[in-house]
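The exercises below concern the arrangement of strands and helices in a single model. Please inspect the sequence and the structure before reading each solution.

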Amino acid sequence: MMQAAGPMLEIKKLSVSIHGAPILEDLNLTVRAGEVAAIMGPNGSGKSTLAYVIAGKPDYEIVSGEIWFDGEDLLELEPNERAQKGVFLAFQYPVEIPGVATMTFMKATLNARRRSRGQGDLTTPDFMRRVREASQMLKLDQEMLRRPLNVGFSGGEKKRLEILQMALLRPRLCVLDETDSGLDIDALKVVSDGVNALRDPERAFLVITHYQRLLEHIRPDVVHVMAKGRIVASGGPELALELERNGYRDYAEAAA
Amino acid sequence: MAAVQGTVDRVRSIDVEAYKYGFVSPIESDVAPKGLNEDIIRFISARKEEPEWLLAWRLDAFRRWLTMGAPKWARVEYPPIDFQEIHYFSAPKTTPGPKSLDDVDPELLRTYAKLGIPLVEQEILAGVERPRVAVDAVFDSVSVATTFKAELAKVGVIFCSFSEAVRNHPDLVRRYLGTVVPATDNFYATLNSAVFSDGSFVYVPPGIRCPMELSTYFRINEKNTGQFERTLIVADKGSYVSYLEGCTAPKRDENQLHAAVVELIALEDAEIKYSTVQNWYPGDAEGKGGIYNFVTKRGDCRGARSKISWTQVETGSAITWKYPSCILRGEASRGEFYSIAISNGRQQVDSGTKMIHLGCNTRSRIISKGIAAGKSQNTYRGQVSAHRLATGARNFTNCDSLLIGHQCGAHTVPYIEAKNASAIIEHEATTSKVSEEQLFYCLQRGLSAEEATALIVNGFVRDVLQQLPMEFAVEAQKLIAISLEGSVG
Ligand SMILES: Nc1ncnc2c1ncn2[C@@H]1O[C@H](COP(=O)(O)OP(=O)(O)OP(=O)(O)O)[C@@H](O)[C@H]1O
Ligand SMILES: [Mg+2]
């Protein structure tokens with residue numbers, strides 16, 4: 001894969017704690033435009049924390065370090081400003097919002113995004129057409145989109161809906177936090193196809209996963225191993241295979 | 001969907017001054033001297049050219065009121081009101097009484113236009129006629145205009161100011177006045193009975209479905225003036241009427257008293273749908289100024305199979321004390337109460353309903369959504385009782401509270417009483433918060449904190465908004481966004 005000039009995302013010596021407990025320590029990570037980077041690592045190693053900190057979730061204390069996105073200091077921006085600049089997080093646990101139709105929610109977010117770029121609101125037929133296309137690709141029943149956001153959706157439906165939103169918003173940086181967990185084999189294929197369809201030299205993916213199986217569908221350019229709040233190893237797709245065989249033990253020790 | 005977009009747009013356009021109806025109109029008024037005594041009551045009655053029986057009724061109420069004390073059981077706090085410091089009558093000088101639209105002071109028409117209430121009968125925008133709504137506009141103590149009267153009269157519907165009804169339909173008024181909320185009912189209702197100024201009167205004859213929405217728009221303009229309106233709606237056998245009440249007041253540093261009485265009477269097979277969008281000035285963020293809204297609203301399902309439905313969106317007032325209720329007297333009659341009560345800043349809301357099941361097979365339904373933000377206190381107080389003869393009575397109550405922030409409070413106080421063993425009363429209640437998780441999720445998708453809150457709140461109140469007439473649901477949704485201004489971030 002061709003690599004663009006500067007990195008899209010650059011994290012330097014990032015240390016983060018929550019309620020005084022350190023979770024990320026001196027973490028360095030670079031993601032280039034066009035790149036698909038996988039992050040693997042044991043439970044509790046700080047993968048979701050990293051994803052949240054990139055997206056700007058409050059409650060985390062940034063002890064030190066920097067995050068640069070397209071040359072901008074991401075830590076200075078509010079979460080919605082980051083989203084408007086093109087940061088998207090597919091949540092490990094998508095949130096329910098009772099009474100708000102999924103369709104209504106998606107239209108509001110899409111228009112907020114458009115307005116932040118000086119574009120006008122989408123007309124309803126235009127919006128419906130995009131939703132129809134995206135939901136066909138992800139094999140989501142459009143009737144479901146009339147129901148309140150994520151309320152009563154199955155685990156797999158919630159995950160597919162995250163990717164549906166990603167397809168509609170067309171972000172620059174897509175952070176996928178365990179999007180594969182809870183998906184059956186067919187859904188895994190569908191979701192992966194959805195992600196692959198969005199691969200683009202101008203877009204990057206940070207794919208957090210525990211399973212080599214996802215990486216068979218979404219072939220990563222780089223694999224990073226995370227342990228105890230840092231990136232402890234980086235390599236090509238073969239690294240994921242090695243982890244599948246040997247587990248994290250060596251890396252956990254390296255981080256200690 | 002468009003409505004949510006409207007909400008979002010409105011939030012966007014909000015400036016520091018969230019209460020946009022806070023202006024004062026430069027209209028000269030005839031104001032009665034401050035204070036309350038029998039002479040003032042005689043003055044009001046004389047100004048309105050009332051018959052002797054009505055003056056006597058007022059004076060009886062006044063004498064009774066002198067023996068009563070203000071109710072203390074509500075969860076609201078305010079300094080004692082000095083009833084001698086209030087003006088009990090104020091009328092725009094140029095408009096001695098309701099007359100034709102052409103005679104209305106243009107300044108008044110401008111005031112209502114500014115409030116978004118068109119006092120014209122034809123609203124043709126780009127060739128499209130909007131749904132027609134007949135409006136009775138009450139400015140301080142008098143009704144200044146009522147639209148579509150002639151057209152309504154064609155089907156026999158009477159829609160006019162209360163004063164005019166007393167003059168032109170005295171028998172109807174005398175037959176029904178005080179039969180739902182007696183003059184002795186409670187401190188504020190009794191005060192109202194003594195000094196009531198103006199309000200609306202509606203009579204729908206048997207078998208008639210009122211051909212348009214009726215609406216009254218209340219505006220308090222004059223300083224230190226109480227507003228004591230009185231509304232009486234009678235739906236005769238087999239008729240139907242939908243009625244909407246709206247209200248605003250200028251921003252003033254002093255508190256102003258609003259003590260209204262609304263009486264609804266539904267005869268056999270009749271239906272009344274009464275909606276309120278209450279947006280009195282709530283006071284500033286520190287709790288200075290604002291309206292004291294102490295209102296008695298009650299409907300009597302007098303005939304078999306009659307139905308009364310209250311829908312309220314309460315966003316204004318410094319203090320709200322209000323329990324629109326239904327007396328389910330007729331066999332198989334039905335009562336409904338749908339409420340959204342939003343409090344922000346230092347507002348205090350104590351509101352709810354009473355469903356009094358007297359007849360057999362009567363049914364009632366209560367859906368209440370309380371939203372508290374800022375440092376406000378929001379109480380739902382509801383009573384459901386099934387009397388001895390109310391065989392087969394059924395009630396369903398669902399009462400949800402939503403908290404925004406950490407300094408507000410939500411409270412639910414249900415009173416349930418069943419004297420008939422066959423009555424079935426169900427009560428559900430929940431309290432939730434706009435969670436950090438929900439907010440962050442919305443922000444992550446690019447919505448601002450304010451857009452996100454408006455969206456979440458609109459979701460929370462959805463089942464009640466659906467009860468409002470379409471045109472007003474959109475308005476109410478915008479109002480919700482405005483009243484939550486400053487509650488996040
Ligand atoms: N709000 C919190 N309060 C206290 N500890 C927290 C909080 N959030 C995360 N942690 C801790 O931070 C560590 C990293 O959590 P994180 O969710 O980032 O791990 P993860 O790598 O995503 O794990 P998994 O693979 O199980 O999803 C864990 O030990 C977790 O308990
Ligand atoms: Mg995780």
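**Exercise 1.** Which strands of chain A does helix 1 (residues 47-55) of chain A lie across?

*Solution.* The model is predicted: local features need pLDDT of at least 70, side-chain atom pairs count only at pLDDT 80 or more, and totals for chains, interfaces and linings use all residues. Residues are numbered from 1 along each chain as its sequence is written, chains are lettered from A and ligands numbered from 1 in the order in which they are written, and side-chain values use heavy atoms, without hydrogens and water. Helices (H or I, at least four residues) and strands (E, at least two) are DSSP runs, numbered from the N terminus. Helix 1 of chain A lies across strand 1, strand 2 and strand 4 (61-69) of chain A. Its direction is at about 115° to strand 1 of chain A, where axes are lines fitted to C-alpha atoms, for helices over the stretch in contact (heavy atoms within 4.5 Å), and angles run from 0 to 180 degrees between N-to-C directions.

**Exercise 2.** Determine the strand order of the open sheet in chain A.

*Solution.* Four strands form the open sheet in the order 2-1-4-5, with antiparallel pairing; a pair requires at least two DSSP bridges. Strand 2 (21-32) and strand 5 (72-73) of chain A are the edge strands, each pairing on one side only. Eight bridges join strand 1 (residues 7-18) of chain A to strand 2 of chain A. Opposite A:Ile11 stands A:Leu29 in strand 2 of chain A.
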